[in-house]
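Dear colleague,

Please find below the structure I am handing over to you.

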Amino acid sequence: MSTSTPDGHAIRRRPRDRRATILTAAADAFARAGYHGTSMAEIATAVGISSAALYRHFRNKQELLGHCLMSGMDATVSRLEAAAVQDASGHRVFEELVAIALELRGLPRLWQLEFRNLTAAHRSSVLIRAVRLTGYLRRAVRARRPELSDHDVELLSWCVLSVAVSPSYHRQQLPPTTFTSVLDAAILRLLATELPPGGTSPRTSRPAPPLSPEFERITRPERLIGAAARLFNTRGYAAVGIEDIGAAVGVSGPALYHHFASKADLLNEIIVRNEQWIGLYTSRALAEGRDAREAVHLLMESFVGFALQQPDLLGTTVSEVGHLPEPQATRYRRIHRDGILNWARLLQTAHAELPLPQARILVQAIGTVVIDAVRNPRALGHRNLAGALIAIGDRIALHD
């Protein structure tokens with residue numbers, strides 16, 4: 001932006017919205033390539049400014065990431081607050097949540113995958129905003145389901161959030177009005193779910209007995225896979241070294257290379273394990289289901305069971321696949337896309353009137369509900385999380 005002096009020399013002035021433009025470009029870049037895969041120079045180029053100019057607004061990449069998340073969450077909280085004032089029934093809050101989730105489609109993925117890369121101060125600030133956001137959702141759920149316990153209200157509020165933000169985790173496109181109506185309807189069905197009574201208490205794990213040297217040698221590759229999955233899921237692939245993985249199973253880091261060619265090869269093995277689990281329970285559901293509806297229900301049961309039993313395999317696959325070498329990443333994306341498509345076609349068989357694109361959106365929403373729940377400490381404390389998630393998934397998928 002420039003103006004001219006009386007003698008014809010140009011005077012350049014910063015656009016008033018330069019900071020907002022930077023935040024938008026940075027959020028898009030972080031959501032697309034990840035925090036570690038994005039440079040300040042790339043963000044500056046996307047905005048059309050020099051790196052030096054970018055550093056005049058933000059001291060470093062970590063500070064920029066924090067402001068991206070806080071800016072997006074501030075906009076979300078502000079709009080939910082206005083919606084809550086307009087409609088005491090809570091319905092307007094749900095509609096506004098879907099609308100802003102589609103407008104800021106990359107923000108939820110940024111929150112899920114990059115929160116661990118924030119400074120301690122920015123983590124606290126983001127969590128304060130998250131508490132306010134979920135507070136509006138809890139009150140809206142309570143207005144609609146006053147008979148529910150506080151634990152059930154909290155779980156449904158998190159599940160509503162997962163449905164609304166599920167488009168952040170895929171690239172499916174629909175006309176905006178259609179996209180909105182599919183998600184709005186899924187949320188209304190979710191809110192009508194009859195949640196099951198409390199389940200049995202989880203089994204207390206027993207201390208593992210010492211391993212014999214021979215058994216330790218045989219099982220070491222699987223133990224390395226399990227340890228790496230836990231570390232990648234909690235700390236992120238880029239933040240974990242081979243020494244960390246080795247220490248987790250009581251060996252030196254270089255011992256990993258006796259079993260895996262590289263850290264990336266170990267990541268690929270984790271993702272292959274995830275694919276094997278999914279392939280097994282999908283085949284079983286299709287073989288045992290007597291019709292499409294029962295097969296969908298069996299798929300839902302198996303997916304929830306797998307997610308609760310193997311959260312680190314699932315979490316690592318969701319969060320860290322971008323670190324795979326391109327041939328392996330392309331293979332995984334194809335397998336994942338085919339799996340979603342097969343589940344969507346099964347939904348179509350159960351609901352002949354359901355177009356395939358809408359079925360795919362519903363499958364993605366159900367998957368996000370389950371994946372978010374097993375990674376959420378607040379949800380994991382629910383009295384019967386497995387039963388509740390199965391009931392919610394069935395309600396969204398098999399509605400009458």
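The notes below cover confidence, aromatic pairs and charges over rings.

The model is predicted. Its chain has an average pLDDT of 89, and 91% of the residues reach at least 70. Two stretches call for caution. Residues 1–5 have a pLDDT below 50, although the model gives this stretch 14 contacts beyond near neighbours in sequence. Across residues 200–206 the pLDDT also stays under 50, and here the model has 0 contacts beyond four places in sequence.

Turning to the aromatic residues, the structure contains 7 aromatic pairs. In one of them, Trp 111 and Phe 115, the ring centres are 5.2 Å apart and the planes meet at 55°, so the pair is classed as tilted. Trp 111 is partly exposed, because its relative accessibility is 28%.

Tyr 281 and Phe 303 form another tilted pair, with ring centres 6.4 Å apart and planes at 45°. Tyr 281 belongs to helix H12 (residues 263–288) and Phe 303 to helix H13 (residues 292–309), so this pair ties together parts that are 22 residues apart in sequence. Tyr 281 is buried at a relative accessible area of 9%, and Phe 303 is buried at 6% relative accessibility. Both residues belong to one aromatic cluster, formed by Trp 277, Tyr 281, Phe 303, Phe 306 and Trp 343.

Finally, there are charges over rings to report. Lys 61 places its charged end over the ring of Tyr 35, 4.4 Å from the ring centre. Arg 139 lies over the face of Tyr 136, at 4.9 Å from the centre of that ring.

With kind regards

Terms used. Residues are numbered from 1 along each chain as its sequence is written. This is a predicted model: local features need pLDDT of at least 70, side-chain atom pairs count only at pLDDT 80 or more; totals for chains, interfaces and linings use all residues. Side-chain values use heavy atoms; hydrogens and water are left out. pLDDT is the predictor's confidence in each residue, from 0 to 100. Contact means heavy atoms within 4.5 Å. Rings of Phe, Tyr and Trp (its six-membered ring) pair if their centres lie within 6.5 Å; planes under 30 degrees apart count as stacked, over 60 as edge-to-face and the rest as tilted. Buried means under 20% relative accessible area, exposed over 50%, partly exposed in between (1.4 Å probe, protein chains only). Helices (H or I, at least four residues) and strands (E, at least two) are DSSP runs, numbered from the N terminus. A charge sits over a ring if NZ of Lys or CZ of Arg is within 6 Å of the ring centre and within 35 degrees of the ring normal.
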